[in-house]
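Dear colleague,

I am handing over the structure below, and after it I set out what was found. Please read the notes with the coordinates open beside them.

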Amino acid sequence: MIYSTNINMALEKKHSTIHPIIHLLNHIAENHDKSSKEKTLSIFLDLSKAFDTLPHATILHKLEHYGIRGIANMWFKSYLTDRKQFMTINSATSMEQPITCGVPQGSILGPILFILYVNDLHNASQLNILSFADDTTIYTSGKNINDMIQNTNIELRNIYKWFCANKLQLNANKSKYTIFCPRQTRLPIEMNNLIINNQKLTRIGSDCEEKSVKFLGVHLDDHLSWNIHVDYVHKKISQSLFAISRVKHIFPQSTLLSLYYALIHSHFNYAIQIWGNSNHLYKLITQQKRAIRAISNKPYLTHTEPLFKKTRILKLEDLYIQQTTSFMYELQNNLIPSFKNLKLRKEIKAMTTRQKNNVCTDRARTNFSSKLPKHNYPKIWNKCDINIRMAKSKTTLKKQIANIFINKYDDQTNCTNPNCRYCK
């Protein structure tokens with residue numbers, strides 16, 4: 001069954017780039033929990049020069065349709081028109097030519113105008129659509145893969161016509177699709193192809209040449225193991241770790257801490273709520289220990305827990321718990337838009353005081369869906385101390401969680417040899 005849900009994240013306040021990923025993962029878990037265990041087909045569309053091809057006349061027409069008329073519409077017309085461009089090569093300069101399409105990039109209005117321009121994309125299709133600025137993902141679920149692909153091809157023709165009518169160029173060569181399912185699932189040997197404008201889309205999968213697709217900064221593989229994204233972060237951290245190691249004897253610890261948060265923590269922290277429960281995480285844990293030793297200017301085999309405690313840096317697995325709990329706090333206190341797959345237990349009459357802030361969802365039917373946000377987030381939230389969940393602000397909650405973890409870190413080295421050269 002194909003049904004339509006249009007979620008334009010950038011049009012709603014307080015959405016972040018990880019929210020579209022959570023929506024997609026919740027959809028995957030919800031459909032895989034069905035008795036028929038439906039698989040999810042997701043298409044990641046790529047637009048060529050998306051911000052540069054919007055016709056000014058069409059932008060103004062759509063603004064008028066949304067109620068921006070009269071003087072306000074004329075203001076946008078003045079903002080968009082009478083702009084010129086030219087090119088300089090060496091000492092030769094071309095004549096100035098008027099710009100009749102595109103929105104100015106590097107401005108606040110540019111992305112907003114683009115979002116309003118593509119906001120009616122859902123009218124062209126019955127598929128589920130996730131939009132965040134120029135990142136557009138289309139997805140649907142079904143039991144029979146070939147039937148699902150056949151129905152999706154019909155919808156893709158309508159979507160392609162919408163892009164052509166709105167003067168947007170869909171790049172079929174860079175658009176990818178994948179079928180999310182557990183590792184043990186067998187896909188049909190002869191599987192239909194997804195086609196846009198007579199071009200076959202590239203499939204992403206463990207049995208394909210391309211193993212993952214990058215969606216809003218996170219690498220997704222067809223089994224949602226997060227191994228490829230962990231490898232990606234590992235590579236990024238290796239470069240930063242080398243830089244910190246080279247300067248650890250020159251800069252004071254305060255400067256090294258600043259470098260850590262800028263070059264390493266930023267990669268650890270981004271979307272860790274999504275990939276932080278990967279079985280492949282040990283590689284990054286090892287890197288974080290190397291980083292904490294470099295910051296503290298300690299030898300290679302130094303016990304790291306006292307260093308984490310002294311620098312007040314959370315271990316990677318604890319950072320995952322903190323960020324996930326922080327997300328659930330925002331959700332419960334209406335600090336972010338709601339997610340239909342996460343329902344609060346306070347809607348149920350029979351409850352205890354300890355359970356009044358608990359979150360409940362349907363029971364996970366498989367190990368595959370149990371690791372996804374729909375089931376994993378409530379589990380983490382419900383285990384959190386009730387006093388922390390009742391914190392006055394998200395900042396307070398994060399500080400309280402950090403204090404709990406850091407206070408549990410062992411502040412003594414495991415080595416019992418007083419002459420150990422690594423502990424001096």
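I begin with T304, which touches K289, I292 and R293 when residues up to four places away in sequence are not counted, a contact being heavy atoms within 4.5 Å. T304 is found in the loop between α9 (282-295) and α10 (305-311), where helices (H or I, at least four residues) and strands (E, at least two) are DSSP runs numbered from the N terminus. With a relative accessibility of 6%, T304 counts as buried; the classes are buried for under 20% relative accessible area, exposed for over 50% and partly exposed in between, computed with a 1.4 Å probe on protein chains only.

Some words on the source are needed before going further. This is a predicted model, in which local features need pLDDT of at least 70 and side-chain atom pairs count only at pLDDT 80 or more, whereas totals for chains, interfaces and linings use all residues. Residues are numbered from 1 along each chain as its sequence is written, and side-chain values use heavy atoms, with hydrogens and water left out.

As for the chain as a whole, the protein chain holds 15 helices and 18 strands, and 50% of its 424 residues count as buried. Among the contacts in the protein chain with a separation of 6 or more, 70% are between residues 24 or more positions apart.

Two helix pairs come next, with axes taken as lines fitted to C-alpha atoms, for helices over the stretch in contact, and with angles running from 0 to 180 degrees between N-to-C directions. Helix α2 (residues 56-65) packs against helix α4 (residues 109-117) at an angle of about 70 degrees, and their axes are 10 Å apart. That makes α2 roughly perpendicular to α4, on a scale where angles under 35 degrees count as roughly parallel, over 145 as roughly antiparallel, 65 to 115 as roughly perpendicular and the rest as oblique. On the α2 side the contact is made by T58, I59, K62 and L63, and on the α4 side by L113, L116 and Y117. By class, the residues of this contact of α2 with α4 are 5 nonpolar, 1 polar and 1 charged, where Ala, Val, Leu, Ile, Met, Phe, Trp, Tyr, Cys and Pro count as nonpolar, Asp, Glu, Lys and Arg as charged, and the others, Gly among them, as polar.

In the second pair, the axes of helix α11 (residues 316-332) and α13 come within 9 Å and cross at roughly 95 degrees. Helix α11 is therefore roughly perpendicular to α13. Y320, I321, T324, T325, F327, M328, Y329 and Q332 of α11 meet N376, Y377, P378, I380 and W381 of α13, and the residues of this contact divide into 9 nonpolar, 4 polar and no charged. K383 also has its place in helix α13, and at 70% relative accessibility K383 counts as exposed. The C-alpha atoms of K383 and N358, which are 25 residues apart along the chain, are separated by 9.0 Å.

Grid points are joined across faces, edges and corners, and a volume is the space filled by probe spheres set on the points.

The largest pocket holds about 330 Å³ of space. It is lined by 16 residues, of which H223, L224, S225, N279 and K371 are the closest to its centre, and the lining divides into 5 nonpolar, 9 polar and 2 charged residues.

The search of the whole structure finds 1 cavity of 30 Å³ or more, and the largest cavity has a volume of about 40 Å³. Its lining consists of L25, W226, Q273, I274, N277, Y320, K371, L372, P373, N376 and Y377. The elements that give two or more residues to this lining are α8 (272-275) and α13 (373-383), and α13 supplies the largest share, 3 residues. By class, the lining of the largest cavity has 7 nonpolar, 3 polar and 1 charged residues.

Finally, two backbone details may be worth a look. D82, in the loop between α3 (71-80) and β4 (84-85), has a positive phi of about 60 degrees although it is not a glycine, and D82 is exposed, with a relative accessible area of 77%. R312, in the loop between α10 and α11, has a positive phi of about 60 degrees and is not a glycine, while its relative accessible area of 43% makes R312 partly exposed.

With best regards

Conventions:
1 Å grid on protein atoms, 1.4 Å probe; cavity = no way out; pocket = protein on both sides within 12 Å on 5 of 7 lines; lining within 4 Å.
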